[in-house]
Each structure stands twice: as C-alpha cells, then as structure tokens.
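Dear colleague,

I am passing on the structure below, together with some notes on what came out of going through it. Please read the notes with the coordinates open beside you.

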Amino acid sequence: MNENIKKTFEDQPKTLLRNIIIALSVLGMMYWSSTAIEYTGLHSGGAGVARSIVRGIFNPDLDLLFSFRGAGVPYLILETMGIALLGTLIGSIIAIPISFLASRNLMPTIISTATMLFLAAVRTFPAFVYGLMFIRVAGPGPFAGVLTLALTSVGIDRK
C-alpha cells in the first residue's frame, strides 16, 4: 500500500513553482491594496456603539417590540409579509405570459430564444442589485421591495 501512495505522489505534476508564483502575486496584491487604506487607529465611538448594541440586546425597548406603529416590530413584520405576498403575486402574474413566450413548442425559435435570454439576464443579477436599483428609482420603502420581488420571481429558474 505504501508503494502505491508513493508512486501516486511521484506521478503528480510538480506545481511548486506555480504555487509560489501565485502566493507571491496574492501577497503582492494584498500589500498594494493595503497602501490605499488610511488607518487612523481605534476611535472611542466604536466602543460606544458596541456598548449600545449589547445594552439593547439585554434591555430591549418594549414599546418597539409590541407597538403596531410604523417603527414597531409587529408592524414591520406585517409589512414584510405584505411585500412578500404582493411581490410574489405580481411576479407570478407576469411570469405566466412570459412562460408561454419561452416555450419552444408553442413559439417560433426566435421568440423563445429571446425570451430565454431575457430570463437568463434577469437571473444574472442577484436580488440585492435589483433592490438597490429600485430604491434608487422608487425611493426606499415597501414599493421598492415589491418591485424587486416581482422581477426576481419572474426570472426564477425552471429546473
């Protein structure tokens, strides 16, 4: 058994030089990129923020936890569920005609190929990118979330 392992190890390509070059390149790029960082030391503000977070974990604001006003957790949970429901519903409604356009046995090849390219393009970017795009266009809020979910629901892969 030892001979087999030794022979397999000896038959492997010798990549030591290539690995050293890659490691030196990565280290060089890390050094080069570190020259752009302006480190001014630790600030006392960071410790204050950390203390505030820990204090909030152990002493939560009960008014925020149980309030149905705009900043309360129950309100935000219901708003998130509404965004998910509307976004998925709108995306599903839009996806129905697009699915027929993408069907190769119902549409000419040029139309189905173009539709499949459109769907592939939609799937190319993560939902986060669409979210940022819609926040820029529609402003921050639930409407941007609905638009993002609707668009990404249209491009879901059919595997």
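A nonpolar core, as the term is used here, is a set of buried Ala, Val, Leu, Ile, Met, Phe, Trp, Tyr and Cys residues that are joined through side-chain atoms within 4.5 Å. Please keep in mind throughout that this is a predicted model, and that what follows was computed from it.

To begin with the overall form, the protein chain has eight helices and zero strands, so that, read along the sequence, its pattern is α-α-α-α-α-α-α-α. Its radius of gyration is 27 Å, well over the 15 Å that the globule rule gives for 159 residues, and the chain is therefore more spread out than a compact globule. Taken along the principal axes, the C-alpha atoms fill a box of roughly 70 × 65 × 40 Å. Buried residues account for 16% of the 159 residues, and, among contacts between residues at least 6 apart in sequence, 40% join residues at least 24 apart.

With the definition above in hand, the largest nonpolar core consists of five residues, namely Ile98, Ala102, Met116, Leu119 and Val154. Helix 5 (73–102) and helix 6 are the elements that give two or more residues to this core. Once residues up to four places away in sequence are set aside, Ile98 touches Thr115, Phe118, Leu119 and Val154, and two of these contacts, Leu119 and Val154, are themselves listed in the core.

Helix 8 (residues 142–154) has 13 residues, which at 1.5 Å a residue should span 18 Å, and its end C-alpha atoms are 19 Å apart, which agrees. The buried residues in helix 8 are Ala144, Val146, Thr148, Ala150, Ser153 and Val154, and what covers them includes helix 5, helix 6 and helix 7 (127–138). Ser153, which is placed in helix 8, counts as buried because its relative accessibility is 17%, where the cut-off for buried is under 20%. Leaving aside its neighbours within four places in sequence, Ser153 is in contact with Gly87, Thr88 and Gly91.

Ser112 lies in helix 6 (residues 109–124) and, at 1% relative accessibility, counts as buried. Its side chain reaches the backbone oxygen of Thr109 at 3.2 Å, while its contacts, not counting residues up to four places away in sequence, are with Leu101, Ala102, Ser103, Arg104 and Met107. Of these, Ala102 is also one of the residues of the largest nonpolar core. Ser112 and Ala95, for their part, are 17 residues apart in sequence and 14 Å apart in space, C-alpha to C-alpha.

Finally, there is the matter of the aromatic rings, where the structure holds one aromatic pair. The rings of Phe125 and Tyr130 have their centres 6.2 Å apart and their planes at 85°, so the pair is edge-to-face, given that planes over 60 degrees apart are classed in this way.

With best regards

Technical notes. Residues numbered from 1 in each chain as written. Predicted model: local features only at pLDDT ≥ 70, side-chain atom pairs only at ≥ 80, totals over all residues. Heavy atoms only, no water. Phe/Tyr/Trp six-rings, centres within 6.5 Å; stacked < 30°, edge-to-face > 60°. Helix = DSSP H or I, 4+ residues; strand = E, 2+ residues; numbered from the N terminus. Buried < 20%, exposed > 50% of the residue type's maximum accessible area, 1.4 Å probe, protein only. Polar contact = N/O pair within 3.5 Å; in protein donor to acceptor, adjacent residues only side chain to side chain. Contact = heavy atoms within 4.5 Å. Expected span 1.5 Å × (residues − 1). Rg over C-alpha atoms; globule rule 2.2 N^0.38 Å.
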